[in-house]
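Me: Hi! Could you walk me through how the chains in this model touch one another?

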Amino acid sequence: MIVKNVRAYYAVGSRPDVKAVDGVSFSVREGEVLGIAGESGCGKSTLAAVMSLTARPPLNVKGGEMSLNGQTFSLIEQTKFPRDWHGKLVALLPQRAMNSLNPTARVRDFVVDVVRAHDPTVQPRAAIDQARERLEQLSLPARVLESYPHQLSGGMRQRVVAVISTLLNPKVLIADEPTSALDVSSQKQLVLLLQLLLECRFITRIVYITHDLPMLSNIADRIVIMYAGKLAEIGTTHEIVNNPQHPYTQALIASTLDPDPQVRERQREGIKGAPPDLGSPPSGCRFHPRCPYVMDICSREEPPIVGEEERFAACWWVLEQSQKTRNKETQR
Amino acid sequence: MTRFQSYLLNKVLWFLLAFCIALTLNFLLPRLIPGNPVDVIVGEMTSGGTLSGEVAQKVYAAYIAQFGLDQPIWMQFLFYLRSLARGDLGISFARSPARVQDLISQALPWTIALQLPAILTGWIVGNSLGVLTAYKKGWLDRGVFPIFMFISSMPYYCLAILLLYLLAVHLTIFPVAGGYSFAMTPALTWNFARSVVEHYILPFSSLVLIFIGGQSVGMRAMSIYELDADYVRYSRSLGVGDNRIIAYIFRNAMLPQITGLALAIGSMVSGALIAEIVFSYPGVGTLLFSAIRQNDYPVIQGVTLLIMIGVLTANFLVDVAYGFIDPRIRAKQVGER
Amino acid sequence: MTVMTQERARFKPGAAWLTGLKQSLAVTTLLNRRLLFSGSMLVLVIGFGVLGPIVLGRDNPMKTVGGLYDPPSEKIWLGTDNFGRDVFTQLMHGTRTSLVIGAIAGMEAILIGLLIGTMAGYIGGVVEEVLMALTNVVITIPSIVILILLSIAISTRSIFAMGLIIGLTSWPWTARAVRAQTSSLRTREHVDIARLSGAGTLSLVIWEILPYMLSYVVMAFVLQLNTGILQEAALSMLGLGPSNTISLGQMLNWALLWESVRTGAWWGFAPPALFLTLIAFSLLLLQASVDEILNPRLRKA
């Protein structure tokens with residue numbers, strides 16, 4: 001799956017549009033988990049909405065296209081997409097899934113609605129059986145079908161939502177902060193479930209959006225770092241965690257807690273400053289007001305992509321560093 | 001005890017408490033008149049010429065005996081309760097020797113036949129309209145809704161008067177008064193039935209319109225609130241159709257509406273009674289109206305008691321229904337880790 | 001819980017009122033069309049009722065000026081009622097009476113509601129349970145019944161007496177809303193500071209909690225005013241209106257008793273009915289627009 005040049009803005013009355021996502025492109029290979037990391041307000045949830053084809057006004061998609069399953073289509077005007085795409089092509093695993101289930105309906109009734117929305121000829125019985133079979137394959141108790149949401153624990157609800165989202169075997173699952181409201185053991189169970197879903201090939205790709213970088217190091221194959229609506233860095237998990245290039249990535253890694261006491265000794269405080277107002281973002285590189293390596297050019301011009309498609313950082317300083325290294329090498 | 005059972009018990013206790021208070025108030029309040037109430041009332045009547053001296057004596061004696069007005073207040077209360085237990089509401093002052101309970105039981109069926117369907121229809125249609133208006137927006141929200149908002153803020157009798165004038169007097173489509181044609185006597189014939197229906201339409205319509213208006217305004221606000229809910233966004237993201245989502249919203253927004261219904265029943269019933277007066281409909285409302293005009297205290301007290309009990313019972317039933325419908329109360333705790 | 005430095009721990013009486021007023025005023029700058037419309041309607045109606053008789057010199061609504069149900073004419077703008085009295089003058093005086101009774105009832109309801117609501121919300125515990133139980137009982141028992149029973153018990157129904165008994169039965173709504181607000185305000189920091197500085201319960205409520213409820217109180221007053229006017233009209237329609245004066249409901253009562261509808265004398269019932277509807281509608285619209293301002297979510301639709 002490939003997304004190109006997604007731009008999505010919020011219309012806020014008379015004030016200028018909030019550019020939540022401003023030119024984001026990446027790809028997700030089959031069988032892969034791509035992590036998208038960033039602070040709150042960097043635009044990741046907006047990106048999730050756009051990718052899961054659920055963007056509605058006041059969120060307006062201004063540009064971008066998606067290639068998936070052999071077809072390429074524009075991401076603008078999402079309300080006009082065929083309903084079939086929702087859930088079969090792309091599926092969303094929403095944040096706060098505990099509240100995403102209708103409190104006055106049993107789980108099995110909701111399952112029936114979802115299945116029949118895509119194929120009205122399916123009998124309710126058959127839909128429920130389909131769900132039960134899937135639950136068994138994933139080693140989850142079948143009795144959740146008979147329950148109302150409030151009868152299930154938070155962690156269980158999240159897993160049920162994960163199962164329902166993937167019931168129709170979508171090509172890609174967009175998981176938007178799926179674990180942020182869970183306790184640690186529930187988080188682990190959810191992650192195991194997601195990995196199992198991939199293994200059984202019920203879904204073929206996962207885009208995992210979170211602010212929790214350590215979580216990504218457990219589950220993601222590749223990581224994309226987002227800041228203020230733009231991509232800061234992209235690379236494999238190993239590369240990002242052990243060799244972060246972008247100053248923002250470095251700061252993110254440094255500000256996470258590490259159980260290793262030696263690492264903890266080197267901890268700094270969190271990143272200075274606060275995420276920018278996306279209605280009037282900083283000029284040039286959006287990170288420049290908070291960057292420890294800021295240079296003159298950073299406030300004037302947007303940074304270039306330094307590196308290749310699958311491994312780059314968008315930073316003037318990184319460019320300078322790599323030029324210095326190349327100069328040193330040619331000098332030798 | 002399950003959650004539902006304790007909920008039910010709670011509601012039953014409330015009902016009993018409110019019932020006792022209602023009885024006591026019904027007994028006490030009119031006795032705030034200083035002096036002997038029967039004296040004053042009968043005296044008024046004889047001087048006004050509505051009762052002859054002899055009949056007045058009889059009524060007077062009957063009341064003193066029945067209510068033991070020379071007895072201390074707590075004994076009077078016991079008499080009162082005793083009579084109530086027998087279903088005896090006393091004798092009407094103005095239409096003696098007619099008994100209050102007979103007058104009421106004659107008028108009651110008309111009122112129930114009018115109000116019950118009106119409240120039910122108004123509730124169902126009004127809430128459905130509310131959800132649709134909130135979800136579909138467009139012309140429903142801009143055109144139809146403000147009309148309903150206007151109608152629902154009208155006092156019931158105002159709409160009743162308006163409809164009566166426009167459709168019965170000005171345009172003579174509908175009959176102008178009564179529960180059935182004055183020329184007829186009640187009988188199980190088609191003619192009579194048709195006359196009843198004819199006379200029923202206007203009062204029914206005026207009530208239903210206002211109920212629909214009121215419910216739709218509230219339901220629309222509730223639905224707008226629900227539209228933002230996570231489950232709506234999630235269901236949409238999985239491709240679930242609009243009709244199903246509207247059903248979800250209805251079910252969820254309906255819960256606070258049921259509670260609201262319980263609270264509003266009191267005013268709905270009283271409003272409907274006053275509307276009866278406009279149409280001279282032979283129900284409890286008209287009975288009350290004439291009783292007030294004639295200072296017929298026993299009838300007034302009988303009717304107010306009836307209204308109180310009726311509203312309390314309706315309240316109780318609605319609360320029970322709520323317990324059934326809200327799965328959080330009804331479903332047993334399963335619990336799961 | 002933030003650390004309280006020396007400065008912040010100083011108790012500043014009256015500061016809450018300043019902030020509360022500023023907040024309420026900021027909210028009112030979000031005037032929308034509905035608010036202006038309903039507000040101006042109300043002002044017109046009030047002007048009509050209160051100033052009308054003085055300006056037009058019609059101070060006696062009971063004077064006979066014509067025959068039974070004379071239709072509107074050049075001199076008698078809205079015709080005469082069943083007793084030959086000028087309907088237009090009656091309308092002015094009737095509006096005034098209805099508004100006054102509604103205002104008395106509304107203010108009483110607000111006072112009682114505030115008292116009970118703040119006590120319940122602030123003190124909590126058993127006091128709250130008892131007060132809320134009382135409120136629930138008053139809500140469940142239909143108020144019209146209590147009003148009827150009380151009205152037939154008093155010998156003369158003066159304007160004041162009517163306002164009094166109506167207010168006595170309509171306060172529960174305010175009490176509930178106020179209690180909810182008070183409960184949530186009670187946990188605020190400035191309240192803690194004031195309490196630690198030794199302020200008594202009553203002064204705490206008046207100085208630290210009430211200011212932040214101003215907008216709610218205004219909204220509640222609008223609703224209580226509406227209830228008061230409508231309840232008076234209902235009572236008058238039943239024949240239990242104010243004894244010596246005329247009110248809008250009273251006019252309707254006479255119109256019904258004397259068959260103005262069936263004889264087609266629309267000027268007998270239409271003016272009071274229209275005015276009642278107008279007042280009720282304006283008040284509800286006013287309340288809805290203030291509600292929209294306070295609850296941004298409703299604004300979107």
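Me: To start, how many salt bridges does the rule find across the interface of chain B and chain A?
Reply: Two salt bridges turn up there, a salt bridge being a side-chain nitrogen of Lys or Arg within 4 Å of a carboxyl oxygen of Asp or Glu. One of them links the side chains of A:Asp113 and B:Arg244, at 2.8 Å from N to O.

Me: Before I go on, what kind of model is this, and how is it numbered?
Reply: The model is predicted, with local features needing pLDDT of at least 70 and side-chain atom pairs counting only at pLDDT 80 or more, while totals for chains, interfaces and linings use all residues. Residues are numbered from 1 along each chain as its sequence is written, chains are lettered from A and ligands numbered from 1 in the order in which they are written, and side-chain values use heavy atoms, leaving out hydrogens and water.

Me: Thanks! Back to chains B and A: how many residue pairs are in polar contact?
Reply: Nine residue pairs, both partners at pLDDT 80 or more. A polar contact is a pair of N or O atoms within 3.5 Å; within protein, one must be able to donate a hydrogen and the other to accept it, and residues adjacent in sequence count only if both atoms are side-chain atoms.

Me: Which elements of chain B give two or more residues to that side?
Reply: They are α9 (230-237), α10 (242-279) and α13 (327-330) of chain B. The largest share, six residues, comes from α9(B). Helices here are DSSP runs of H or I with at least four residues, strands are runs of E with at least two, and both are numbered from the N terminus.

Me: And what area is buried between chain B and chain A?
Reply: About 2,600 Å², with 53% from carbon and sulfur atoms. Buried area is the accessible area (1.4 Å probe) that two parts lose on being put together, summed over both. The contact (heavy atoms within 4.5 Å) takes 25 residues from chain B and 29 from chain A.

Me: Now the other contact. What do chain C and chain B bury between them?
Reply: About 4,200 Å², 81% of it on carbon and sulfur atoms. C:Leu149, C:Leu238 and C:Arg262 supply 16% of the area that chain C buries against chain B, more than any other three residues.

Me: Where do chains A and C stand to each other?
Reply: They do not touch, and their nearest C-alpha atoms are 11 Å apart. Of the two pairs of chains that touch, B and C have the most contacts.

Me: Switching to chain B on its own, what is its secondary structure?
Reply: Chain B has 13 helices and zero strands.

Me: I'm looking at B:Asn127. Is that residue buried or exposed?
Reply: B:Asn127 counts as buried because its relative accessibility is 0%; buried means under 20% relative accessible area, exposed over 50%, partly exposed in between (1.4 Å probe, protein chains only). B:Asn127 is in helix α5 (residues 100-136) of chain B, and its side chain makes a polar contact of 2.8 Å with that of B:Gln257.

Me: Last one: what does the side chain of A:Thr166 reach?
Reply: The backbone oxygen of A:Ala162, at 2.9 Å. A:Thr166 lies in the loop between α5 (154-165) and β7 (172-176) of chain A.
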